[in-house]
Amino acid sequence: MRIGLFLKSRIFIRASCFVVRGSWFKITEARCAMHGARKDTEFCVTTIFAIILLTISPSQLLAKEVKSAMYYQRFESEEEFESYESDNEQEIHDPYEKFNRKIYSFNDAFDRYFFEHVAKAYRHGIPQPARKIIRNFLNNLSLPVSAVNSILQGKIDNSLATFSNFIINTTIGLGGMFDIAVQKGIFYKHEDFGQTLGHYGVGSGAYLVVPFLGPSSSRDFGGWLTDRGVDPLGFNLLEIGGKTDLVESNYRIALALMSGIDKRESLLDIVDDVRKDSFDPYATIRSAYLQKRENEIKN
Amino acid sequence: MKLKINMKKILVAFLIAIFSSQAMAQEVSKAKEVDEFVEIIGNKIVKVAGEKATSDAKKREKIIAIIDGVIDANWIARFVLGKNYKTANDEQRQRFTALYRDFMINTYGPKFKNYDGKKFTVNEVKQQGSFYVAKAEFLPRESNVPISVDFRVKEKNGKLLILDFIAEGISLIETQRSEFNSAIAQNGMDKFLDDLAERVKKLKSSGK
């Protein structure tokens, strides 16, 4: 009786409607009706979501489940080493290892002969306070996308903190050159679309080494492309600001290069250590990258 | 009859309450012990790294002495060898275990520049199975953003020992295991052990 009533109830009918017709489109329609927002923009977001999920999810399903990188937490005693190891022969999913290693060698050579020197020249040529201002400025520009990803993950507090950082630093911090907000104790965590996907249970998929960019995974690289796609300072697919070239392409390239140099400068010591200490830098970077991403998704 | 059962129940509940509170008290005191243990080591290292009058060679020696006394090098050696432990023969195992200790302390001892900071604090200690995880924060000298560093600690024969060091979510021994396994898979165990021996020799001689 009760089940019959429930089946007839409005909630059930609406819920099943959502499921059948595709909850995303339903939500989009509802939002458009409520806010009179531009339908095509909403549609664009939905399509990007759908494409990303469609391209990434099947590969996730097919891929062997990637075991947690921090799995040794499960040990109870030293005797468990043995039984455990037979279960976890392949803990890292790297089906393209051969190809990845080639790209890695290419990146490594490019770095040793060129990019590392650029980063070192940057470190030695420009004083620390100026570098800090550049870093703050670049970081500030990345905050809006990060805040949107926070919302998508339902982390409202972090999203607000990120937005406040962006607003405070853009205004009082003179266009983001000074990180006033963090000095005042408004801390936030960076979120990107790879993390958003991870938050909703998408595994990292296959490990990838991307030319010039370095370690990534099928999920994170897809996420990175999405972030750059919607970012007004990237390809601006959402046409925020009304046109695709909100910022002239020359500036965009300059910003991308600058953030690359800034990033490399921040990694100078770590990369030096890995090159010096590791018996297999490719494996060290792979393991560290996967652990770092997992940690970022978990918190 | 009914009263009897109730009495029994009450008695059992009472006993459970006593034992669990005792166990909890023990756990709490153990967690506190781990907290102090990690905080003392962390501060010792930060202090040595920040000493201005001490020469680099002396700093290196001091930090090696601190690390050497508090890590369970045998456990870690066993862990980082991973699946290769099973296929290795006794001689290889022993050789690796001996080399690994020297490799660890001589690799991480000289990195005192990385440990130079303003503050080291343990925020929280959690029990995870037979381990304790001390969640700590380290504030480098030239930054306002603290780095999260976790220590995995285990009690062995009444003594606390460090098993792992996890900086910003990246576990030292997990990364090392991945690296060693990959190196062994490519070149074989004996070649890897030779490389390791050579590295240790180089590390030791570079400090003198």
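A:Ile168 counts as buried because it has 20 C-beta neighbours inside 10 Å, and 20 is the cut-off for that label. The model is predicted. A:Ile168 sits in helix H8 of chain A, residues 156-171. Leaving aside residues up to four places away in sequence, A:Ile168 touches A:Gly173, A:Ile180 and A:Ala181. A:Phe99 lies 69 residues from A:Ile168 in sequence, and the two C-alpha atoms are 45 Å apart.

Now the packing of H8(A). Two packed helices are described by the angle between their axes and the distance between the axes. Helix H7 of chain A, residues 128-152, packs on H8(A) at about 160°, with the axes 8 Å apart. The pair is therefore roughly antiparallel, since the angle is over 145 degrees. The crossing of H7(A) past H8(A) is left-handed. The residues that make the contact are as follows.

| Helix | Contact residues |
|---|---|
| H7(A) | A:Asn140, A:Leu143, A:Pro144, A:Ser146, A:Ala147, A:Ser150, A:Ile151 |
| H8(A) | A:Asn158, A:Ser159, A:Thr162, A:Phe163, A:Asn165, A:Phe166, A:Asn169, A:Thr170 |

By class, this contact between H7(A) and H8(A) holds six nonpolar and nine polar residues, and no charged ones.

Helix H14 of chain A covers residues 281-298. At 1.5 Å a residue, its 18 residues should span 26 Å. Buried residues of H14(A) include A:Tyr282, A:Arg286, A:Tyr289 and A:Arg293. A:Leu290, A:Gln291 and A:Ile297 are also among the buried residues of H14(A).

Methods: Residues are numbered from 1 along each chain as its sequence is written. Chains are lettered from A and ligands numbered from 1 in the order in which they are written. This is a predicted model: local features need pLDDT of at least 70, side-chain atom pairs count only at pLDDT 80 or more; totals for chains, interfaces and linings use all residues. Helices (H or I, at least four residues) and strands (E, at least two) are DSSP runs, numbered from the N terminus. A residue is buried if 20 or more other C-beta atoms lie within 10 Å of its own, exposed if 12 or fewer, and partly exposed in between; C-beta atoms are placed from the backbone. Two residues are in contact if their C-beta atoms, placed from the backbone, lie within 7 Å. The expected span of a helix is 1.5 Å times one less than its number of residues. Axes are lines fitted to C-alpha atoms, for helices over the stretch in contact, and angles run from 0 to 180 degrees between N-to-C directions. Angles under 35 degrees count as roughly parallel, over 145 as roughly antiparallel, 65 to 115 as roughly perpendicular and the rest as oblique. A crossing is left-handed if the near helix is turned anticlockwise from the far one by less than a right angle, and right-handed if clockwise. Ala, Val, Leu, Ile, Met, Phe, Trp, Tyr, Cys and Pro count as nonpolar, Asp, Glu, Lys and Arg as charged, and the others, Gly among them, as polar.
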